[in-house]
Structure formats: structure tokens, C-alpha cells
Amino acid sequence: MEQKLRIEPITRVEGHGKVTIHLDEDNNVIQSRLHIVEFRGFERFIQGRPYWEAPVLVQRLCGICPVSHHLASAKALDVIAGVGPNGLTPTGEKMRRLMHYGQIFQSHALHFFHLVSPDLLFGINARPEKRNVIEVANEFTELAVQGVMMRKFGQEIIRVTAGKKIHGTGAIPGGINKNLSLEERDLFIKGHGQMNVDKMIEWSKDALRLFKNYHKENRELVDNFAAFPSNHLSLVRKDGALDLYHGVLRAIDENGKKILYDIDYQHYLDYIGEEVKSWSYMKFPFLKSLGKKDGWYRVGPLARLNTCDFIPTPLAQKEFEEYKAYTDGKPNHKSMHMHWARLIETLHAAEVIKDLLYDSDLQGDELVAKGKKSYEGVGLIEAPRGTLFHHYRIDKNDLITMCNLIVSTTNNNEPMNRAVRQVADEMISGQRSIREGMLNAVEVAIRAYDPCLSCATHALGKMPLEISLFDRIGNLLDKKTN
Amino acid sequence: MKKILIYGYGNPGRQDDALGVLLTTKMENWSKKHKLNIIQFDTNYQLNIEDALLISEYDMVIFADASIEEISHYTISRVIPNPKAEFSMHAISPEFVLYLCQKLYNKHPETYLLHLKGYEFEFLSQLTQKAKNNLEMAFGFLTDVLEQSIFPVDLIENYIQDKEELKIN
């Protein structure tokens, strides 16, 4: 008899997603799938709108990472505005970088302190009522407060660079619409209490220490849980440095061999395809040179630290060297090391923010560059969760005729499915019942990717965890809601 | 003098999901007109952990949000802190925000949730007509309450006690 276990949706993962695990009569896993409802309607919605509206309109897509969409869209429209990705004024580019690294910082801090730390502090097999952020607040109050402050710090960076919290207008085609005043800058340098950039760097280092201590005591779990080889893809700076705002597109295979040689992402369609599968609303991107079967890849912190050659800030570089040494300089395929990589990026983001705050270009008044208009542009950015693609074409009336988006979570679609299968095989196969720890293991594997499932609409995004167990002919055997 | 925060959340680019944000904007304009300095305003796409710190600085908080629940026009209810309140990866509930506020900062603001019924959530900036009506009704309710008392806690509590949960049809 085949049984079907559904985990729907995944707790602590935004939007609509469910996991189905098919069991045979001996409770062996015969198939597992992560189903995600992705809202593709936006690409049609934006057609016919003036191109300069896009950086604001795209924020309708997602209430979780609107800044990433805002900037990726603006970068694509820089090309259409004839400025190109490298033609912004120093003030324009650095203000955007500040906004972006603020977004990275707050997103990574939220993920670690309030989503991952319960698993690390209490163990993934701890009871659900124990393994949550409230228990962190109870037993590690200082840590929980730090998480709140780090998130707030990043959010405030976004507010002053984007102009406002909702539907920010900071980035426009060819530049930005405001600089950073000295008063705004001093908020972050001299910030009252602990709200200053030096404290953010210190806390980022503390968070790394917490992870590394956990790793030391739980090496087997952290190194082997949901680990599997893959290709990796990200932007890197032209000299190979980690760069989350701009660069060339690089991909490596599981052994570290370059399979995309630092290409200009304006030509991404020559290298990347998107496969449609009957059982999923979400597409499956792949490298064309390797084909649909073997061309899937990972994006995000793990991929970025695999593809880059170095990190251009000193404290993060030191951590990067230790991280790379752990796998003897070879690509790291360990899913739980995504948290390690994410924390190194958090520290890097704090260092970048500090450097930018002391850069007087941010007080410059040349905000926008101008060029000769073209009719097509591609913008890529390394969003917190991975590479984000925005591609637009416009007509002679400046109206958008085509939009194609590949969001980070879509890029990680196949890897997340592989992670689920890996955990299902190891922890669920052969079992006669499904324990909470097993279900949480599946969630932990997916959570490592920090997926954002594009549910921008707050009111619709409220769904409890529901678990349903079916037999081979679709009879409901069991149903649980948390 | 009590400090009051009115905090609307939702995505204004997704039709009726804008209700909480639009109500807050209307209230802010009304407050400026009447020079009510004790009331502060904030908006965002979602509630999140840093809002625990924000609300800790106020004596009274009124959250405003769109709702797809089976309510008529709008409801207001007292927010009861709840550690088990549903929260997904990147957004949390008012109950959870309040609980976190109490846990981390030992502050206990009087907190209410004003739910406004929404109907459509497409990629549009304009409310549906029915949502517009609900917005006006909720605005009328809130301004009435605030006009009658600079300390509206007792007034709202009376409404809730009288009717268990205030529903205006």
C-alpha cells in the first residue's frame, strides 16, 4: 500500500508550500516533492506600464524582500536608460549598495536569530513547544534582544536609503533620488544605546561564535544533514571577490570547476533555461550547457562562498579562510553550512555598511546619470536568498512589453526538492509512524535555504501547519495541524 | 499623558490588503488637522520582531490590518499576548509581537487590533468599493472614539465588554 504524507504548509516558511512524501506499504519513501505556489501573474500585470514605474511596482510582489526586487528592477532599467550597470554616479551606486547591504543584514539576522537559533540552541529533536523563538527569549534573552536590534538596524538603513518603509522610491532608472545626510549617517555611526554599526559588527561576530560552538559539538549532524553535491551559481566581482550588488555571473560544478566563466548577465538567456514540470507551479532553472537533468544549481550564501575567491572586508575574509579550510578549499555541499555562510555574509554586510557610512560620496549631489535609451535590459542582484533576475523589454512608447523574473527561491527549487528527498530517505523510510522530529527535520532542510514563497499579500498569508496522511488510493489516514 | 501608536500593515500594491495602511494614513492626516501630538503613526508590509521594541515605547497601540475572516465591515478586539500565535517565516501576528514585547522589554501596552474586511487581493492599487466603504466606517469609528476621549482605552474596553466583540454592520 502506498501512503502519502503531506506537510502543508511548511512552518516558519512564508507563503504557500507543502511537502508530499509518498510511502509504500512498508513505509519506505518512494517519492517526495516540495510544492510551491508561485505567483507568476506579475510578469503579465506589468506589461503596458511605463518602464520607470517598475522599481516601485515590483514591490507589490513581495512584502518580505521588496528591496531586492526594487534594486534588481532598477538595475535592469539602468540598461534601458542607457547608463548600463557600470555607469551610475558614485553617489548613486553607493547609496544603492548601502540599501542592499542593509537588506542583507536585516534578513540574515532575522533568519539566524529567530528561525535557526531555536534549532541550534535546543536541538532539532527538541519538543516543538521548546524549539521556538519564545523559548530563546526565555532562556537567552540577550540573544533575542540582539536579533531584534540587528533587524531594526538593517530596517532603518533601508528606510533612510529607500525613502520610506513601504514602496520605497530610492532607486530610479539611472540612479537614486536622495543621498544620505550627515544627520542620517550619524544615526548609524553614533546611534544611541546599542544601535550603531560597531555594535552590529560585534554581534555578528558573536553569532558566528555561537554557530561554530554548536558545530564543534554537533559535527556529525551539521556536516551530514541534507548534504549532497551540486553546481553553484552567483554573481562575483570581476576580480573574483564576493559582491552582493553587482558583478559577472559565475557557476562551478561540484568539484569546483568553472562551468560559467564570469559572463555578462545581459546574456543570461544564452546560458540559463527554465524547465516546467507538471506537478509544480514553480519553474526549474538549469544551465543549458549541462542540460535539464544535470544543469540544476544552488544559489544563496553557500553558493556565493563557493563561487567567490575572497571576501573584500577583513573580518569576514578571516572567517572565510577558516570556512574554506574546513573543506580543504573544495566546494562546500553541506546544507547546514548554509547557516555558517550566511553568518559570514552578515559580518561582511556590517563591515560594508561601516565602510560606506564613512564614505563622503554618500553626501554627493550627483544622483542620476543619463545615457542613450535602449529597449531591453537585464538586472541581477544577490538577494539574501540568492541570485535574482529581472529582465524587461519596452516599446518606443516606453511601455513594458515583456518581463521575465527568476527569483532566488525558484533558482533553489531543485536543490530544496533534493534536500527534502535526502531527509525523507534518511529519517522517514522504514518507519512505521511519523514522529514530530522527522517532520521537523524536513522543515529544517528547507529552512536552510530561507525560501520566500512570494506571498506578498499579508491577509492571505496566514496558514497553519497541516499534516495529512493518505493511503495509495487517496483516503485520508491522518491529519494534524499545529 | 498616554502615548498612542496607530500601526497599519499590509501591501498597498495588493488591492484590499492596503486597508490597514490606508486607515493609518487617513488617521495621520486627521490627527495633524486636530493637532493631536500624543498619537504617532507607523506602517509596514508585515509585522516583525522589531515591532516588539517599537510598541514597548507606547502606552496604547492600535494595529490596523485587512482581514479575509468572516466579519462584517470591521471589528476591534483586545490583543491578548500569545507565544503560540501563528507566525510564519517572515511575518508575525500582533499577539506574538505583544508577547515578545512583554518578554524582552517588560512593557505592557494596551493593544488592540482593528480588522477591516477585504475582498480582492490582486496587483492593483485601488480598493474595491466594498473595502472603501469599510475603510470609511472604520475611520469614522476610530475618530469618534478618539474625539470623545484623549484616553480611549476605557471607551474601547466598554465597547468590547458590551458586545464582547464590536461588530458594526
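**Briefing: chains A and B of a predicted model**

Of the 169 residues of chain B, 49% count as buried (20 or more other C-beta atoms within 10 Å of the residue's own; exposed means 12 or fewer, partly exposed in between, with C-beta atoms placed from the backbone). The model is predicted, with local features needing pLDDT of at least 70 and side-chain atom pairs counting only at pLDDT 80 or more, while totals for chains, interfaces and linings use all residues. Residues are numbered from 1 along each chain as its sequence is written, and chains are lettered from A and ligands numbered from 1 in the order in which they are written.

**Chain B**

- Chain B has five helices and six strands (DSSP runs numbered from the N terminus: H or I of at least four residues for helices, E of at least two for strands).
- Along the sequence these elements follow the pattern β-α-β-α-β-β-α-β-α-α-β.
- Of the contacts in chain B between residues at least 6 apart in sequence, 72% join residues at least 24 apart (a contact has C-beta atoms, placed from the backbone, within 7 Å).

**Helices 3 and 4 of chain A**

- The axes of helix 3 (residues 66-80) of chain A and helix 4 (residues 90-122) of chain A come within 9 Å and cross at roughly 150 degrees (axes are lines fitted to C-alpha atoms over the stretch in contact, and angles run from 0 to 180 degrees between N-to-C directions).
- Helix 3 of chain A is therefore roughly antiparallel to helix 4 of chain A (the term covers angles over 145 degrees).
- From helix 3 of chain A, Val67(A), Ser68(A) and Leu71(A) meet Arg96(A), Met99(A), His100(A) and Gln103(A) of helix 4 of chain A.
- The residues of this contact comprise three nonpolar, three polar and one charged (Ala, Val, Leu, Ile, Met, Phe, Trp, Tyr, Cys and Pro are nonpolar, Asp, Glu, Lys and Arg charged, and the others, Gly among them, polar).

**Domains of chain A**

- Chain A is divided into domain 1 (3-37 + 431-481) and domain 2 (89-170 + 182-227), with bounds from an automatic or database domain assignment.
- Ten residues from domain 1 of chain A and seven residues from domain 2 of chain A make up the contact.
- The domain 1 side of chain A that touches domain 2 has four nonpolar, two polar and four charged residues.

**Positive phi in chain A**

- Most residues other than glycine have a negative phi.
- Ala226(A), in the loop between helix 9 (219-224) and strand 7 (231-236) of chain A, has a positive phi near 50 degrees.
- Ala226(A) counts as buried because 25 C-beta neighbours lie inside 10 Å.
- Asp328(A), in the loop between helix 12 (314-326) and helix 13 (337-357) of chain A, has a positive phi of about 55 degrees.
- Asp328(A) is exposed, with 6 other C-beta atoms within 10 Å.

Technical notes:
Angles under 35 degrees count as roughly parallel, over 145 as roughly antiparallel, 65 to 115 as roughly perpendicular and the rest as oblique. Two residues are in contact if their C-beta atoms, placed from the backbone, lie within 7 Å.
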